[in-house]
Amino acid sequence: MSLLPELRYPSVNELVSSARALAAHRPGLCTFTQVGYSRAGRPLHLLSVGHARRAVLVVAGAHANEPTGGSTLLALAERTVHDRELRAGTSWHFLLCADPDGASLHVTPAPRSLLDYHLGFYRPAGPEQPEWAPSVLPPDRLPPETLALTRVIDEVRPYLQVTLHGTDVGGSWVQLTKDVPGLAEPFAKSAAELHIPVETGASDAAGWPASGPGVHVMPAPGTDAAYPSMPDDARHSTWYHAHRYGGLTAVVEVPMWASDLVDDPAPHPAPAAAIRRLAGRLLRDGTEVERVLAEARPRLTGAEGPLLRAAQWALELVPGLAADWTHTPPADTTMAYVGSVDAFGRRLPLRAAAMLLRVLRETDDRAVPRLEHVVAAWSEAFMVRFRARWVPLEHQVEHQARTVVAAARHAREGAPRSG
């Protein structure tokens, strides 16, 4: 049976329906359970394939605006059911969507353009993101989605947790909480076969050691961060929870639109000056959105909600990030890194503008036309500058799935047995 009804991003309901059907089709092999609730009362579900103690946990939907993971999760679940080799001595566990509330608010499941993607955009503020919440909140204030995820980790004790992420414009890369020797080669081969650029200088992994092109190993807790102002430190996220059981986490990123500008390892002729210019643009763009928000705020009584909180959160990050870029030496000096910083600097204010636009549209606010122009112009400029090209969904899914399987195989060699 096929879990993918067609090549598009499935909704959470479709994920649940497909996973439940698979469990019913192979009841001796699969189990389908509810493992918690979201803040809004939506259920969180886990599909398990196999019964071995040694386990892999795959998490989708940690970020609502990164929809490829759901499709990949279904493809992987189907593959593990039909491939005895993948199940040999290993059980596979699939958390269908870590943030169903967020998924209900990101409403562009099949974007035709970057503008379409942003017109329905939603990415929660940091404290409301299940994986990131522990890095910005005390333990007694963690959201129920985070608690459900850590309970699953405690129960299955995975030697490998894989969390499926993505980016709008850029390339593919992997972030590891511990090195997985041998992963870089199959990762690079898959990306090349599917014409997906490898993001060799990902700003998300600025200053981290690399075990191969696009495969970044997180520095140990306590190491200075490349961007000190950023509040959500990956080293305090749920990614490290698997370490309690001798495991590790791999974060597998794939792009919706590809750009070769993030796959150029050549030295940049003047990286510090270029990044200072990007910091200046980031400040200008952030200030433009801030002005719209300040002008409209008296009319937003009663509009407080997740979209507005998320827009404000993104805007609050802008000054500190621009200062990090301006006052510290570049964490990398390649063309790829400067390209990645360029994309990050465009992405942050554009997302804030897009979410604020959705808030203003709900009340037909007079600032809507102005912000519509901003979102459209910035989306188009982003695409043009990066010469972005759509990555077919089947390629996004295949590359992400291949990387997960390769990570499971290479990490297993040194993994301890649970129990």
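This is a predicted model: local features need pLDDT of at least 70, side-chain atom pairs count only at pLDDT 80 or more; totals for chains, interfaces and linings use all residues.
# Briefing: spaces, a helix and a buried methionine

The largest cavity has a volume of about 40 Å³. The structure has two cavities of 30 Å³ or more.

**Overall build**

- The protein contains 12 helices and 10 strands.
- Its radius of gyration is 21 Å, close to the 22 Å that the globule rule gives for 419 residues, so the protein is as compact as a globular protein of that length.
- The C-alpha trace spans about 60 × 50 × 40 Å along the principal axes of the protein.
- Of the 419 residues, 59% count as buried.
- Taking contacts between residues at least 6 apart in sequence, 79% join residues at least 24 apart.

**The largest cavity**

- The residues that line the largest cavity are Val12, Val16, Pro43, His45, Leu96, Cys97 and Pro100.
- Helix H1 (12–25) and strand E2 (43–49) each supply at least two residues of this lining.
- By class, the lining of the largest cavity has six nonpolar residues, one polar residue and no charged residue.

**The second largest cavity**

- The second largest cavity holds about 40 Å³ of space.
- It is lined by Asn65, Glu66, Pro67, Thr68, Gly69, His165, Gly166, Thr167, Val254 and Met256.
- Helix H2 (68–82), E5 and E9 are the elements that give two or more residues to the lining of the second largest cavity.
- With three residues, E5 gives the most to this lining.
- The lining of the second largest cavity divides into three nonpolar, six polar and one charged.

**The largest pocket**

- The largest pocket contains about 910 Å³ of space.
- This pocket is lined by 43 residues, and the closest to its centre are Trp132, Asp204, Met230, Asp232 and Phe344.
- Two or more residues of the lining of the largest pocket come from each of strand E5 (160–170), strand E6 (173–176), helix H9 (306–327) and helix H10 (335–362).
- H10 provides the largest share of the lining of the largest pocket, six residues.
- The lining of the largest pocket is made up of 21 nonpolar, 11 polar and 11 charged residues.

**The second largest pocket**

- The space in the second largest pocket is about 470 Å³.
- Its lining has 25 residues, of which Pro10, Ser11, Val12, Ala103 and Ser104 lie nearest the centre of the pocket.
- Val12 is also one of the residues that line the largest cavity.
- At least two residues of the lining of the second largest pocket come from each of helix H1 (12–25), strand E2 (43–49) and helix H4 (100–105).
- H1 gives the most to this lining, with four residues.
- The lining of the second largest pocket has 15 nonpolar, eight polar and two charged residues.

**Helix H7**

- Helix H7 covers residues 184–193, and its residues Ala184, Phe187, Ser190 and Ala191 are buried.
- Seen down the axis of H7, these buried residues fall within an arc of 135°, so they line one face of the helix.
- In general, an α-helix has 3.6 residues a turn, so residues three or four places apart point the same way.
- The exposed residues Glu185, Lys189 and Ala192 sit on the face of H7 turned away from its buried side.
- The cover over the buried residues of H7 includes E6, strand E7 (210–212), strand E8 (215–217) and helix H12 (393–412).

**Met218**

- Where is Met218 placed? Met218 is in the loop between E8 and strand E9 (248–258).
- Is Met218 buried or exposed? Met218 has a relative accessible area of 4%, and buried means under 20%, so Met218 is buried.
- Leaving out residues up to four places away in sequence, Met218 touches Gln175, Leu176, Thr177, Trp208, Ala234, Trp239, Tyr240 and Val251.
- Met218 and Val359 are 141 residues apart in sequence, and their C-alpha atoms are 36 Å apart in space.

Technical notes. Residues are numbered from 1 along each chain as its sequence is written. Side-chain values use heavy atoms; hydrogens and water are left out. On a 1 Å grid over the protein atoms alone, a cavity is a set of points where a 1.4 Å probe fits but cannot get out, and a pocket is an open set with protein on both sides within 12 Å along at least five of seven lines; lining residues have an atom within 4 Å of a point. Grid points are joined across faces, edges and corners, and a volume is the space filled by probe spheres set on the points. Ala, Val, Leu, Ile, Met, Phe, Trp, Tyr, Cys and Pro count as nonpolar, Asp, Glu, Lys and Arg as charged, and the others, Gly among them, as polar. Buried means under 20% relative accessible area, exposed over 50%, partly exposed in between (1.4 Å probe, protein chains only). The arc is that of the directions from the helix axis to the C-beta atoms. Contact means heavy atoms within 4.5 Å. The radius of gyration is taken over C-alpha atoms; the globule rule is 2.2 Å times the number of residues to the power 0.38.
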